Amino acid sequence: GSWGVGDMCHSWYQSGNMDLNYNKDRWEFVNFGHRSRKFALAMKHKIAELVVQNPFQNEHQQHLYLVHMASSPIIWYPLVQVEYSGTTVVLQPEAYGQGRQ
């Protein structure tokens, strides 16, 4: 199928590198794979901002797809509030077969 005017993807999971602007005082890359080198972008504080600009904004509004990793136990992961285009959504991490406790 067609992506219309295009798409954009930012992933740092395998490289630990990211081309988005982010505040290094608020975020850090954490290597959690040890032998396999898997990276997470972790918040250093309770509030942190990560801005993703839509390069197609003048032409077409794009959907936002966000991956939020979690594994057991779920209590390790906080609820996360995401704001975009005037909309606020709360992400609730869940591991397969488990709900928030």
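**Aromatic pairs and a buried lysine**

Confidence by strand: in this predicted model, it is lowest in β3, residues 80-84, at a mean of 81, and highest in β1, at 87. That confidence is pLDDT, the predictor's score for each residue, from 0 to 100. Strands here are DSSP runs of E, at least two residues, numbered from the N terminus. The protein averages a pLDDT of 75, and 75% of the residues score at least 70.

Ground rules. Residues are numbered from 1 along each chain as its sequence is written, and side-chain values use heavy atoms, without hydrogens or water. The model is predicted, so local features need pLDDT of at least 70 and side-chain atom pairs count only at pLDDT 80 or more, while totals for chains, interfaces and linings use all residues.

Now the rings. The structure holds three aromatic pairs. Rings of Phe, Tyr and Trp (its six-membered ring) pair if their centres lie within 6.5 Å; planes under 30 degrees apart are stacked, over 60 edge-to-face, the rest tilted.

Take Tyr13 and Phe32. Their pair is tilted, with 6.1 Å centre to centre and 45 degrees between the planes. It links distant parts of the chain: Tyr13 lies in the segment before β1 (27-31), Phe32 in the loop between β1 and β2 (39-43), 19 residues apart. Tyr13 is partly exposed, at 35% relative accessibility. Phe32 is partly exposed too, at 34%. The scale: buried is under 20% relative accessible area, exposed over 50%, partly exposed in between, with a 1.4 Å probe and protein chains only.

Next, Tyr22 and Phe29. This pair is edge-to-face, 5.8 Å between centres and 90 degrees between planes. Phe29 counts as partly exposed, because its relative accessibility is 24%. Ring pairs join Trp12, Tyr22 and Phe29 into a cluster. Tyr22 also has a charge over its ring: the charged end of Lys24 sits 4.6 Å from the centre. The criterion is NZ of Lys or CZ of Arg within 6 Å of the ring centre and within 35 degrees of the ring normal.

What about Lys38, buried or exposed? Lys38 is buried, yet has no salt bridge. That would take a side-chain nitrogen of Lys or Arg within 4 Å of a carboxyl oxygen of Asp or Glu. The nearest side chain of opposite charge, Asp19, is 18 Å away. Lys and Arg count as positive, Asp and Glu as negative; His and chain ends are not counted. Lys38 lies in the loop between β1 and β2. Leaving aside neighbours within four places in sequence, Lys38 contacts (heavy atoms within 4.5 Å) Tyr13, Gln14, Val30, Asn31, Phe32 and Gly33.

How values were computed: Helices (H or I, at least four residues) and strands (E, at least two) are DSSP runs, numbered from the N terminus.
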